[in-house]
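Here is a short report on one helix and its surroundings. Look over the sequence and the structure first.

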Amino acid sequence: MILSVVFSVISLFLFFCQLFTLQKGGRFFLTGIFQILASLFVMSGATIYTVKNADWVPESASYGYAYILAWVAFPLALISGCIYVILRKRE
């Protein structure tokens, strides 16, 4: 999950850099790739927590809101990354 935050921040900085330096008609490939990597790290973190939950947490406890938020963040970050790869810079 920490790696996903790092890659999301890198993606944000790359977006601003590409926004001002990219030629018209160019695509935000680097931004999209880092956003897709961030979504994969969110998915892997949530999957590992799902598998290992019985070892780390007592059975009486529930998953909680952060766990649900991680599974909601995964498809949103993946869609965002795909849109960045497809997106062209326009005037």
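## Ground rules

Contact here means heavy atoms within 4.5 Å. The model is predicted.

Helix H1 covers residues 2-21, 20 residues in total. From first C-alpha to last it reaches 29 Å, close to the 28 Å expected at 1.5 Å a residue.

Its buried residues are Ser4, Phe7, Ser11, Phe15 and Gln18. They lie on the same side of H1, because they cover an arc of only 90 degrees around the axis. In an α-helix there are 3.6 residues a turn, so residues three or four places apart point the same way. The buried residues of H1 pack against helix H2 (29-56) and helix H3 (65-86). On the other side of H1, the exposed residues are Ile2, Val5, Phe13, Phe20 and Thr21.

## Ser11

Ser11 sits in helix H1. It counts as buried because its relative accessibility is 2%, and the cut-off for buried is under 20%. Apart from neighbours within four places in sequence, Ser11 contacts Thr31, Phe34 and Gln35.

## Phe15 and its ring partners

The count of aromatic pairs comes to eight. One of them is Phe15 with Phe28, a tilted pair at 5.4 Å centre to centre and 40 degrees between the planes. Phe15 is in helix H1 and Phe28 in the loop between H1 and H2, so this pair ties together parts 13 residues apart in sequence. Both residues, Phe15 and Phe28, are buried.

Phe15 also forms a tilted pair with Tyr84, at 5.4 Å and 45 degrees. Tyr84 lies in helix H3, so here the parts tied together are 69 residues apart in sequence. Tyr84 is buried, as is Phe15. Ring pairs link Phe15, Phe16, Phe28 and Tyr84 into a cluster.

Terms used. Residues numbered from 1 in each chain as written. Predicted model: local features only at pLDDT ≥ 70, side-chain atom pairs only at ≥ 80, totals over all residues. Heavy atoms only, no water. Helix = DSSP H or I, 4+ residues; strand = E, 2+ residues; numbered from the N terminus. Expected span 1.5 Å × (residues − 1). Buried < 20%, exposed > 50% of the residue type's maximum accessible area, 1.4 Å probe, protein only. Arc of directions from axis to C-beta. Phe/Tyr/Trp six-rings, centres within 6.5 Å; stacked < 30°, edge-to-face > 60°.
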